[in-house]
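Please look through the sequence and the fold below before reading on. The paragraphs that follow go through a few local features of the backbone and one set of contacts.

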Amino acid sequence: MRQAFFVIFAASSLLAFLSSASYPKVTGPCANCHTMHNSQNGAAMATYGASGQPWTGVGPYGGLTRGTCLGCHGIGTAKIVTIGGSNIPQVWHNDASADLAGGNFAYITGGKGSGASDAKGHNVIELGNIDDILTIPPGRNPGHSLSNTNLSCSGTFGCHGIRYGTAPAGLKGAHHSNTDDGSLTIADSVANSYRFLWGVKGYENNGTYKWQNKDAANHNEYFGATAPLMNDAQCSDCHNGPHGPGALKLKPQSSMSAFCATCHPNFHNLSGIGGNASSPFTRHPTDVILPNAGEYAAYTAYSVDAPIARTTVPGAPSPVVNPGSDVVMCLSCHAAHATNYPDMLRWNYSTMNAGGGGSGGCFTCHTQKK
């Protein structure tokens with residue numbers, strides 16, 4: 001297992017990290033997370049590791065932090081670490097129970113699942129395990145500057161926070177100003193966007209199973225549009241102008257699939273999926289309405305194995321799927337971080353055998369083909 005990622009601070013320093021189990025707004029001593037010059041008594045302040053873990057950092061890091069994102073969200077063996085009464089979601093762990101809704105980077109490194117594989121997730125550079133198979137995102141123009149050597153959790157080449165120019169810390173200020181939870185319907189800042197995905201709307205599960213897609217009654221709700229991008233990938237699909245503050249934009253629908261399309265545009269434009277929004281398709285469509293006819297009409301009980309998106313952000317999780325109005329999206333089939341299956345799929349695609357009497361996976365929507 002490759003463990004070359006960095007820990008922000010020792011477990012004893014986490015005691016005052018969050019204000020409560022409900023909101024991820026940071027409170028407590030600034031020194032828990034930040035260092036002014038990365039130097040104290042002749043030693044780098046970014047060299048802390050959790051008890052019993054050899055991972056060390058050198059710094060300095062953007063935003064004056066004492067480590068990378070995984071220094072907080074990859075420090076424990078449980079999917080949620082509770083320290084001092086505060087809960088911290090973990091995106092890298094070997095918890096034997098289910099993962100959080102976004103998946104688990106440990107499937108890439110081999111810390112969990114059937115064995116290490118670059119194909120199982122996003123190889124963010126914080127893992128210290130650069131993708132040996134892909135050099136650019138699938139469905140992307142080869143000339144784009146995003147590559148396997150700079151993909152990160154946040155910032156210019158990351159998913160979370162602001163992505164433009166040379167921004168060193170795309171999440172700057174978000175942890176301090178985020179007091180929102182539940183329905184996020186404005187998404188005009190990082191702090192009030194779904195999971196700090198700038199510009200994305202949605203409902204963050206904030207009950208007993210916070211950060212989890214537990215079951216039909218306890219899950220996140222995703223925002224979807226009724227049509228994919230209307231043209232091939234153009235600079236104007238993502239940018240207002242030259243790199244700089246405000247240069248990066250999202251399509252007006254602020255959907256989860258449109259966000260994914262900023263790196264994988266050919267999987268989310270009309271020419272890429274077959275020229276129009278009607279079957280038959282050449283690539284599986286996203287941001288299309290689940291038909292209210294044929295086999296699709298039978299998908300009415302929400303399944304966390306194949307989540308759907310809503311065209312209006314709800315105020316609470318719903319166990320009901322509404323064919324004819326709810327939306328197929330990227331996360332209907334994939335998880336955001338990593339899964340135990342190739343291509344970050346939520347299930348084993350090789351076991352989806354038409355006419356074999358199977359269930360789940362593809363057959364959640366394609367009910368007559370099982």
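Where does Pro280 lie? Pro280 is placed in the loop between α6 (270–273) and β8, where helices (H or I, at least four residues) and strands (E, at least two) are DSSP runs, numbered from the N terminus. The peptide bond that joins Ser279 to Pro280 is cis, with an omega of about 5°. This is a predicted model, in which local features need pLDDT of at least 70 and side-chain atom pairs count only at pLDDT 80 or more, while totals for chains, interfaces and linings use all residues. Residues are numbered from 1 along each chain as its sequence is written, and side-chain values use heavy atoms, with hydrogens and water left out.

Most peptide bonds are trans, and most residues other than glycine have a negative phi. Asn41, which is not a glycine, has a positive phi of about 55°, and its place is in the segment before α1 (70–73). Met344, in the segment after β10 (327–328), is also a residue other than glycine with a positive phi, here near 60°. As for accessibility (buried means under 20% relative accessible area, exposed over 50%, partly exposed in between, with a 1.4 Å probe and protein chains only), Asn41 is exposed at 77%, whereas Met344 counts as buried at 12%.

Asp305 belongs to the loop between β8 (288–289) and β9 (309–310), and counts as partly exposed because its relative accessibility is 41%. Leaving aside residues up to four places away in sequence, Asp305 touches Ser332, Arg346 and Trp347, contact meaning heavy atoms within 4.5 Å.
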